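Biologist: Hi! Could you walk me through this one?
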Amino acid sequence: MCQSCLVRPVSTYGTANTDGQPGHREGAAGLTTHAPQTAQSVTLPASLDEAVAALSAMPAAVPVAGGTDLMAAVNKGLLRPAGLVGLGRISELRGWHYQDGHALLGAGLTHARMGRPDFAALIPALAASSRAAGPPQIRNAGTLGGNIATAAPTGDSLPVLAALEADLVVAGPGGSRREIPVSHLLAGREMLAPAELIGFVRVPLLHAPQVYLKATGRTGPGRATASVAVVLDPARRGVRCAVGAIAPMPLRPMEAERWIASLIDWDADRGLAPEALTAFGEYVAAACIPDPAPAADGSEPPALPPAVLHLRRTVATLARRALGRALP
Amino acid sequence: MSNDAATETQALDGPQQEPPALGLGASLPPADARAKTEGTFPYAADLWAEGLLWAALLRSPHPHARILSIDTSAASEMPGVRAVVTHLDVLGDPSYGRLVADRPVFASEIVRHHGEAIAAVAADHPDTARMAAAAIAVEYEVLDPVTDPEKAFEAEPLHPDGNLIRHIPLRYGDPDLMGEVVVEGLYRIGRQDPAPIGAEAGLAVPRPDGGVEIYTGSTDPHTDRDLAAACFGLEPDQVRVVVTGVPGATGDREDPGFQIPLGLLALQTGCPVKLAATREESFLGHAHRHPTLLRYRHHADSEGRLVKVEAQILLDAGAYADASSESLAAAVAFACGPYIVPHAFIEGWAVRTNNPPSGHVRGEGAMQVCAAYEGQMDKLAAKLGIDPAELRLRNVLATGDILPTGQTVTCPAPVAELLRAVRDFPLPALPKDIPESSWLLPGGPEGAGEPGAVRRGVGYALGMVHMLGAEGADEVSTATVKVHDGVATVICAAVETGQGFSTLARQIVQETLGIEEVHVASVDTDQPPAGPATHGRHTWVSGGAVERAAKMVRTQLLQPLAHQFGMSTELLQITDGKITSYDGVLSTTVTEAMDGKELWATAQCRPHPTEPLDEAGQGDAFVGLAFCAIRAVVDVDIELGSIRVVEMAVAQDVGRVLNPAQLATRIEAGVTQGIGTALTENLRTTRGLVRRPDLTGYALPTSLDAADIRIVKLVEERDVVAPFGAKPASAVPVVTSPAAVAAAVRAATGRPVNRLPIRPQSAVVTAGA
C-alpha cells in the first residue's frame, strides 16, 4: 500500500526497467525489509457491527474512512498501521435518517455530500462548514466521523457540532450502542474504548437560521485561523455559539449566549440593534481570549501581544457577523 | 470577466497581423505539454534501475550545535542497510559551494542550520533507509543560535570564514546634500521558498570505470558535476550529470546537497541509489529567498523630484554563502529602482546566521529593494500630496541615464511608457456596477467576507532586474545544430526548467532553416556547458548560440547551390522546406539539397564582458536590464485584514516577443509568485527552527488567490546587444508585483504596510485609526 505513494516506476531513460512491471522489487542482494512495515491486512466490512468485530479481532488495526488525515500521516512515515479496517463500504453510515426531532447523520457522510442544498436546508451551519472544509479533493473524501475522530483544532465541523450540542452514537462490540456528547469526546472527558467506532451523529433539527463563518490566511482553501458557529434555537429561546481553531477544542461562550438571548424578542422579528451585535462579538471574543489576570501585587497586567489582539478582533468580527446573518 | 474581448485586442497593441505558425513570433506549444498534462512525463522521482537502493539523509534537529560524536553502528547493523556515510567518507573536498566552498557535504563538528545533512544511508527500502538514518546516534552540544541578522556582526563567528559574507558601501554623489522633503522607512521582507511543485529527487548509478552517473533535475549540470567530482575525489570526466525532467524551478534545483550524498552512496555500494526527498526535507534542504531588513531615507525637492537616497540593506544569508554576494550586488545596485537619483549612499551587507539557507530565487535582491523603494515613493507622494503615479513619472529612468553604480543605461528603458500604459488602462468594474457577476470577497467563496467592510485600493510599482550573470561572470553557452533527413536536432546543455527554452530553440531553428521538425536533445554533461538556468540567460546566450549554429548549417546547406547559380546565400530563402531564390529561378527542396548528407555546426554565444562592483559600489556590472510596471487592484476586508488581489495590470519591456503564448504564461506565473510573496509565502522559524515545513503551513497561492492578470502592454523595443533583441521575461514580474500589491493595500487601508508578506493585522483599520 505504501509502495504506490512512494514510487511510480515509469520506464524512462537508459537505467530504467523496460519490462513495464510496476511494483516493488527486491534489492540486489535478494533481501528486502519492506514487508514487516506494510499493513498486513485490509478489511472491508459491509456493516457497522462487522467493522467493530474486525477491530475487536485485530486490536492493532486502524479504522480508515476518507483517509485525508490518516493516509497523510502514513505517507509521512508517522504511522505504520498493522492493519486497516476500511469503512467506505458501510452504506448505513453514508446517509442520514430522522428520529424524534433529530437527524441521525452517518459518520461516513462526506463533506461534499453535506455541502449539497438538500442537506443545507436541514442543518445550514454544518453544510456551510462542509463547503469550507478544504479543496474539492478533500471534501469528496473526508467524512464527518473522520473530522470528529481526528479532532484537529481547525476541524471545520467541530464548532458547529459543539454549538448544536450534538451527541455521538458510538458502536461497540456485540452490537452495543452508547451515546456521548460530542463536546465530551473533544474535551477528553469521555474517550472511545478499543474497538469502538463513531457510528452516527445525532443533531437536533432546529428549523431556524444557523451560520458558520471562518477566517483563513488566503482566498483559496485554507485552515481556519478562527471560526465561529452561531445557531438559534427558537423553541428553547436560546442562542448557541462556538468558536473554533483558537483552542484545542471548540469554546462555548455561555454567558454571552445567555445575555444575547435575553435581548432578543423571540415572539417578534428577533431583530437586534447593530450596537448589540458588536457588543455580542466583543463579549464572545473576550470570553474566549481573556485579558491576562492582574498580578497579585496589583500592578498592571501585561498587555496581550499584537497577534493575539488581532485574533481576538477576528473572533469578535466573526461572532458579530455570524449573529447578524442569523437574525433578520 | 465581461470585458475580456475588448482588452485582449488592446493588449496586442499595434498592427494586427496573423501570427506565424512556426518560427519566431509563433505561439508554438511546448513539445512535452501533452505528456505533462497527462501525467506521463518522467521526472527524476519516476526513475528506476534494476536492483536500486534507497537513500535517506539524517538532518540536524538543531539550528546550531557542536557534534560530539556520531555512532552509525546501530544503523549499519540493521537488516537491509547497505551503506552509511558521514563526513569521514567524503574522500575529496569536504566542502563545496558555487562561489565559495564553505558548505560541508556532511556536518562534521558544527551544525549551522536546522536540517543540515549529517549522514546518509542506503538501504533496500525507503522506510528502512529512513529508520536507519533515525537510528544513527549523534551526540550534540546545543549552542545558542544566531538568528537575528543584526546581531550577526557582533556574534561569535559561526564559520571559519566569519559572519560577514559581503559588504558593499555604494557611494555616488554628494553625501551632505539634503532634500526639502525627507521620508524614512523600515521594511522587512520574509523568507520565500521556491516551493518547486516536485520535491528533489535523483538516481545515482555507479560506472564500471569507477565513476558515477547522476540522474537528476539539475538546472546547472556542469557546475553540479564539478562540485560533486571534487567532493568524490574524482576527475570531472568521471562524473556525468544527466538532466531529467525538471518539476518546476524558480531557483537553483537539486542542489549538490542532495546529489553528493547520493553519488557517495552509489560509489560505496556499487549499486544504483535513489533519493526522493519528502516535502519537509525539501523545505529544510534547499535555498530560500533572503529575508531582508531595509532602512531607507529618501530626499526630494518640493516638486517630488528625487535628490538623494540613503539606504541600509541587510540580507540574512543563512549559514552558508551560496549566491548571497550576487544577491547583495543586485540589491545594492537597484536600491533606488528605475528612477533618476543624482546622489545615492547605499550600504549593503550579507551576513551569516543560523537561519535556513538563502540563495538564488528568481529576482533575488531586486525583489526585496523594490518593495522598499516603492514604499518610499508612496510615502513621498502622500507627504507631498502628489498622485503616486505622477510622482513616479517625474522621476523615471530612461535610456542614457546613469545608475547609482555609475553604469549608463544603454539598453532600451521605456519605463515612463510602461507606467503610463498601466495607469491609463481602465480600472476593473466595481462589484456594484456588475451585479450580474458574483463578487469573490477576500477570504474566499466560503469565507466570512462582508461587502460593507471591503475597501478597494489601487497601487503602482516599477521594477527592474539585470539579465545574465553580473560582475564579470563568464556567461558563455554552446549549442550544436544537426540536420539530417529533413529533421533538425538541437544539442545544447541549457536545461528546460519550464521556462520554455526548448520551445524557443525549436522556433529559432525553424526560423533560420525553414525546417518544421526540430528536436531538442536531452541534456547531460558530456555536452559542452551552457551555464545555469538563471537570470533569463538561456533566452539570451543559449538562444544566441542556437541561432549562430543554425545559421552556420544554413550556409553549409546553401553554399553549393549559391555557388552553382552564381549568387550569394543571402539571396536564397528557405520556407516550408523549400529553397527559393529571390528571383524565383531556383526552386528546390531542402531534402534534395541535402542529398542524404548530414550537416552539423556548433557555435558559442558570449555577451560583452562586465566588471565587478568596486569598493564604492561602482562599475559596469550588468549586461542588460529589464523593466516592468504593474498596477495592482486589491479588495481588503478592513475588519479581518483579509486581502484579495482583484487585478494585476502588467506592462513589460520585453525587447521582442518570440512566442506570445509562452511569454504570457511566464508573466502570469511571475505575477502569481509575486502575489504569494506579498500575501502568504513565508517560511517561519522560531529561534532558527523551521516551523511547519509543509504545504499546509506554507501557503502557496491557489487559483482563487491568483488575480485577473491583464497584460496591458508589451513594449517591443529591441535590445541591440541581445540575440533577436529579446529580453528575458520571467524575473521582472516577480520583482515588481509584491511591491504593487503592498501599494494597493496601503491605498485601501491607509496603513503603512512595510512588511512582506502582509500580515492580516497590518491591513486592519481599527475604529481609532
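Modeller: Happy to; we can go through confidence, domains and the contact between the chains. Keep in mind that this is a predicted model.

Biologist: Thanks! What does chain A average in pLDDT?
Modeller: Chain A averages 86, and 88% of the residues score at least 70. Residues 1–37 of chain A are below 50, though, and that stretch still has 58 contacts in the model beyond near neighbours in sequence.

Biologist: Good to know. Which domains does the assignment give for chain A?
Modeller: The assignment gives domain 1 (2–25 + 36–86), domain 2 (91–204) and domain 3 (210–326). Where domain 1 and domain 2 of chain A meet, the contact takes 14 residues from domain 1 and 19 residues from domain 2.

Biologist: And which helix gives the most on the domain 1 side?
Modeller: That's helix H2 (residues 48–57) of chain A, with six residues. By type, the domain 1 side divides into seven nonpolar, five polar and two charged residues.

Biologist: Last one: what does UniProt annotate on chain B?
Modeller: An unreviewed UniProt entry annotates residues 38–144 of chain B as "domain: Aldehyde oxidase/xanthine dehydrogenase a/b hammerhead". In the model, that span is 15% helix and 36% strand, with its end C-alpha atoms 49 Å apart.

How values were computed: Residues numbered from 1 in each chain as written. Chains lettered and ligands numbered in written order. Predicted model: local features only at pLDDT ≥ 70, side-chain atom pairs only at ≥ 80, totals over all residues. UniProt positions renumbered as here; feature names shortened; annotations may be inferred. Helix = DSSP H or I, 4+ residues; strand = E, 2+ residues; numbered from the N terminus. pLDDT = per-residue confidence, 0-100. Contact = placed C-beta atoms within 7 Å. Domains from an automatic or database assignment. Nonpolar A, V, L, I, M, F, W, Y, C, P; charged D, E, K, R; others polar.
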